[in-house]
Amino acid sequence: MPIALLNFPTDLLGEVFKLCNPFELYFLSKCSKRARSCVKLGGTKHWKIGCCCCSTVSIECEDNMIYDFLQTKEPNYYYDTAFLNNYIEIPEGIGELLAYLLDTFGIRTVKWLKNKGRDLHSFLQIPKILIDRNMEVEELWLDGFGNEDSIVNIMPVINQMNITREFECLVRPRSDFQNHFTRYPKRIEFRYSFWFTIDQLLDCTCAHIELFKSNLNNQDINMFLEKWKRAGTFPNLQYLSIDSKRIDKNSSILDMVLPIKNTENPSKAVTAIFRGNHRTHCISVDNGVKVVKEDGTEGWLKVELNSWRQFQFVVRNPDDVEQEFENEEWDDEEPDDIGSDDEN
Amino acid sequence: MSSTEQGTSSAAPAEPTTAPESAAAPEVPESFYYVHGKDKVVHKVSAGALQHSALIHGMISNLGYTEEQAKANPFPFENIDGDILQMVVDWCNQHKGKPTPPEDTNLPKQKEKLFDLVLAVNYLEIKELLTYCCKQVAMMVKGKSPEEIREIWMIPTDAEDEAAEKEAKKRAGKEAAGETAAAAGDAK
């Protein structure tokens, strides 16, 4: 028996829509302009959205249930929810669908955005949609191979986005790539960070920084640590790691000869934890050497010159539990080329 | 269940039916109130049953009626059809003094009355019944396609909405013109 739903008073419509899932409200919104304008009454603006370019848009409701909208070119599957209840297949392109869902539901937060696949060009439409609507993006992951040229076009767009929690970039840019961030999320991880200069590091406001394939050297790290020791600098920093072939034993860091590690027993393990939406990054640095900031804050640094040349620095949170353990014998396998300044 | 009487609000209500009580329990006289809908049929309902309705409960608390006063002054709900009010009263009686289970089997089954029932329950502020009714309305479209949803929830198309809007404007214009003419006539 049909029921003239839109004749309900507004508060009642809201009560009914709160009991509907994103698929039902999406279908309803497709019925008419008036129906579309009503669906926000269901509290949809509190939902969060995720987008995996170029295949899926996901909506996470307040009860943490996730509903996936998958793009399909097979008309027989359009709007088919019978198969499983947590996804439907829709004919629209992902960019078009994302814009429609954002506008229809009034969603303000993108929980995660990632490109899955090789084509960063088609990904480019998504940040533009989000920038136009001044959306907050909690997490952005850029993946893909063969995108050396595309990343040059994408980074300026990404710089305009409001990324608040995490930016992880696994794309390898061209060797002449340059970029300068104007604002930072809480965590960054760049798998190819040779373009990330010491000036950018000194201005970085992140809590958690991981730089792989970096071009930073001992002097840069020394400069960073000298600045960190001054009171009031890097107030958010909890963890920094730099993987660079330019870290060598030809010069010291804070007057310490490399490699730098604590050989006293018992040694301590200091842990930095960053809780993302999908993953928790928990990094423990053992055998670190203590560095004290002017305000008394403790940092623990460690530099390894094994096949893995890495600088790690953890700022100790006073609430963390320290782990003490006995040092064990280990092999310091130093590569033959230590001391050279190879390009990354 | 409630007692119902045909006639006007001034008709004498039937004697209250009392539930059997254990010998040990002290006798507490239950107070009753009277309501009627559009059809003027008076329903006698206990105060305990009426507690489900925040609206009526608030009225009772503020009025402090005696039994005689309650009989003489049934609450009129002219905007609610008699059969709908009967359903609501039945539900309130069945759930007197006990919480509604998540899946309530004693709920009104008449789907064709659902729209009016929701409006009545919303007006009377019966939260638990309203939640159930809204759930019923929402359940109507589970697993349905956009076209099926349009039919079930009677969603007009954009063209129909536009036509209705035009018609409403036209009617409003005519009414305004009529009022102006009437005012002019009065002035003469």
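Guide: Across the interface of chain A and chain B, six residue pairs are in polar contact, both residues having pLDDT 80 or more. A polar contact is a pair of N or O atoms within 3.5 Å; within protein, one must be able to donate a hydrogen and the other to accept it, and residues adjacent in sequence count only if both atoms are side-chain atoms. This is a predicted model: local features need pLDDT of at least 70, side-chain atom pairs count only at pLDDT 80 or more, and totals for chains, interfaces and linings use all residues. Residues are numbered from 1 along each chain as its sequence is written, chains are lettered from A and ligands numbered from 1 in the order in which they are written, and side-chain values use heavy atoms, with hydrogens and water left out.

Visitor: Which elements of chain A give two or more residues to the side that touches chain B?

Guide: Helices (H or I, at least four residues) are DSSP runs, numbered from the N terminus. Here the elements are helix 1 (10-17), helix 2 (22-29) and helix 3 (33-38) of chain A. Helix 1 of chain A gives the most, with five residues.

Visitor: How many salt bridges are there between chain A and chain B?

Guide: A salt bridge is a side-chain nitrogen of Lys or Arg within 4 Å of a carboxyl oxygen of Asp or Glu. The count between chain A and chain B is two. One of them joins B:Lys142 to A:Glu24, at 3.1 Å from N to O.

Visitor: How many residues of each chain are in contact?

Guide: With contact meaning heavy atoms within 4.5 Å, 28 residues of chain A meet 32 residues of chain B.
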